[in-house]
Amino acid sequence: MKKIKLLTVSLFLIAGALTYQSCETTELDLTEDPNALTPGQADPNFYINSIQVDFATTVQLFGNTAGEVTRINYMSGRNYQNAYGANFFDTRWRNAYQRVIKNIREMNPIAEEKGLTKHIGMGQVMEAYMMVTLVDFFGDVPYSEAWTSGNLAPKLDSGASIYDASLALLDEAIVNFNATATAEPVHDMYYNKSWATWIKLANSLKMKIYMQRRLVDPTAVSSFEAIVATGDYIQEGEDFEFKWGTNINNPDSRHPLYVGAYTPTGTEGYMSNWLMNYMKNTKAIQDPRMKFYFYRQVNDTPISEELIRCTIEPTPAHYLAGGHTFCRIPNNEGYWGRDHGNDEGTPPDGQRKTAYGLYPVGGRFDDNSFQAINGISFGAQGRGITPIFLASTVDFLRAESSLNGGTGNTNALVAAGIQKSFNKVRSFLAFAGSYNPNAVPSITMDANYISIVGTQLTNASTTAAKMNIVAKEFFVTLFGNGIDAYNFYRRTGFPNDIQPNVEPNPGGFIRSFLYPANEANTNANMTQKSTVTQRVFWDNNPETGFPANN
């Protein structure tokens with residue numbers, strides 16, 4: 001471990017890049033030769049600083065991809081087998097193993113020797129989350145031998161065994177959070193050293209694990225509900241999230257998606273037509289969160305061969321048959337995105353298409369000003385968050401449990417999850433910068449929206465119909481990190497009326513991703529998958545034709 005990298009993270013903190021507040025400072029002595037520092041001499045505080053930042057960055061990358069395949073974000077691939085090549089995940093894999101968990105493993109002996117139980121507990125929670133995510137994306141992956149010195153070909157551990165190990169890590173973390181430490185971390189970027197909240201988080205992540213393996217674990221629901229009965233899980237205001245800052249240089253602390261969304265030449269990428277249409281056109285009122293999620297640069301989406309080629313093309317037959325919006329969402333009012341799988345090139349539309357808004361990337365609140373993006377200082381200037389695991393997510397997992405033998409009222413749980421999402425999104429107005437307050441949706445819209453969803457759930461005559469509603473409302477709350485949506489979609493098959501790929505025959509849906517090329521090419525114990533339809537251990541749903549709208 002090189003001290004220069006760890007000190008860079010400390011500079012990141014001192015620069016005020018994070019919204020975390022502390023009166024303490026971090027040692028910035030640069031007189032030592034950074035390349036001469038050994039792990040045994042490193043300061044655990046530098047380690048835990050680096051781990052926290054790298055963990056958030058890596059979760060953000062995985063969350064972006066998961067959002068794309070579940071239509072929360074836009075995905076450009078018309079063929080699932082080729083949408084994400086093996087080399088796509090090289091950086092994510094390297095970050096997870098070499099920049100997050102390896103640093104945790106190097107920190108632990110030093111922290112153990114010094115009695116720094118809180119440092120260890122934080123690392124255990126992040127390691128558990130990261131390893132579960134790797135299993136969810138790839139299936140069997142290296143773990144028990146992954147950091148063995150000199151072993152260039154670690155064996156693959158079964159996904160089930162890694163899940164078990166992650167549950168054990170979370171239990172150990174709870175013990176460490178309850179233990180008396182000789183010193184606490186200088187910086188806790190997530191919970192400001194509230195160890196009771198860290199314990200709630202550990203329990204909440206155990207709930208996540210139980211629900212994810214519900215199909216193959218007959219005790220999963222009862223284990224999940226046992227934690228529910230304690231009430232010791234994250235509540236509103238205790239979301240597991242990373243807060244980004246507004247610093248531009250040395251280092252750039254802004255939300256990673258803000259950096260690409262707000263440039264001198266406009267915005268990069270596209271928003272999901274499915275998500276925008278669902279939020280705008282499927283109920284009697286528009287979802288109040290639209291003004292926060294999306295920023296419109298224009299007030300209409302034109303029919304244009306140059307700018308939106310699909311506007312002059314016929315609607316695909318399978319879109320017509322399923323009643324799916326195509327190319328331009330109805331009543332678009334400037335909500336300019338792309339359909340799932342659209343692989344057209346990029347026309348000169350950077351200052352026309354819809355951009356990320358205020359939540360969660362710290363962009364601009366949409367106050368109907370329709371100002372083209374022409375710089376890097378709009379709205380909250382990148383002061384956004386990476387949502388990792390939210391209290392609203394617990395509500396939706398409880399709603400899923402309630403429809404599968406668990407406790408609780410489905411309608412009430414969904415309402416609670418949506419309300420938490422509304423409250424969270426509206427709180428971003430506090431640092432939105434200049435905007436027209438008259439454009440903010442009325443608070444009464446929140447209650448009306450929740451009432452409409454409640455009526456839909458009440459009128460749903462089957463468990464499947466209820467689950468379909470739960471799924472779509474859950475996905476909306478997950479804007480910013482689609483990992484839990486990706487798991488939900490493969491676990492349940494819902495939403496079953498989601499927008500399909502524009503390609504009529506895109507191949508089977510991605511049940512797990514190809515192993516990263518660098519690892520598959522160098523690890524003799526890893527054989528690259530022949531297909532992305534290979535299922536992870538907890539997915540025992542039909543091998544083909546699932547989910548229905550792929």
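I worked from a predicted model.

**Entry 1: helix 13**

I started with helix 13, which runs over residues 391-402. I counted 12 residues in helix 13. From first C-alpha to last, helix 13 reaches 17 Å, close to the 16 Å expected at 1.5 Å a residue.

Next I asked how many residues of helix 13 are buried. The count is 12 of the 12, so helix 13 is largely enclosed by the rest of the structure.

**Entry 2: the disulfide**

I looked for disulfides and found 1. Cys310 and Cys327 form it, with their sulfur atoms 1.9 Å apart. The pair links distant parts of the chain, 17 residues apart. Cys310 sits in the loop between strand 4 (294-295) and helix 12 (317-322). Cys327 sits in the loop between helix 12 and strand 5 (355-356).

Which hand does the disulfide have? The torsion about the S-S bond is about 80°, so the disulfide is right-handed.

I then checked burial. Cys310 has a relative accessible area of 5%. Cys327 has a relative accessible area of 5%. The cut-off for buried is under 20%, so Cys310 counts as buried, and Cys327 is buried as well.

**Entry 3: cis peptide bonds**

The bond from Asn250 to Pro251 is cis, with omega near 0°. I placed Pro251 in the loop between strand 3 (240-243) and helix 9 (256-261).

The bond from Phe494 to Pro495 is also cis, with omega near 5°. Pro495 lies in the loop between helix 17 and helix 18 (517-522).

**Entry 4: positive phi**

I looked up Arg71 next. Arg71 is not a glycine, yet its phi is positive, about 75°. Arg71 is in the loop between helix 2 (44-69) and helix 3 (80-83). Is Arg71 buried or exposed? Arg71 is buried, with a relative accessible area of 1%.

Gln381 has a positive phi too, near 60°, and is a residue other than glycine. Gln381 lies in the loop between strand 5 and strand 6. With a relative accessible area of 36%, Gln381 is partly exposed.

Notes:
Residues numbered from 1 in each chain as written. Predicted model: local features only at pLDDT ≥ 70, side-chain atom pairs only at ≥ 80, totals over all residues. Heavy atoms only, no water. Helix = DSSP H or I, 4+ residues; strand = E, 2+ residues; numbered from the N terminus. Expected span 1.5 Å × (residues − 1). Buried < 20%, exposed > 50% of the residue type's maximum accessible area, 1.4 Å probe, protein only. Disulfide = S-S within 2.5 Å.
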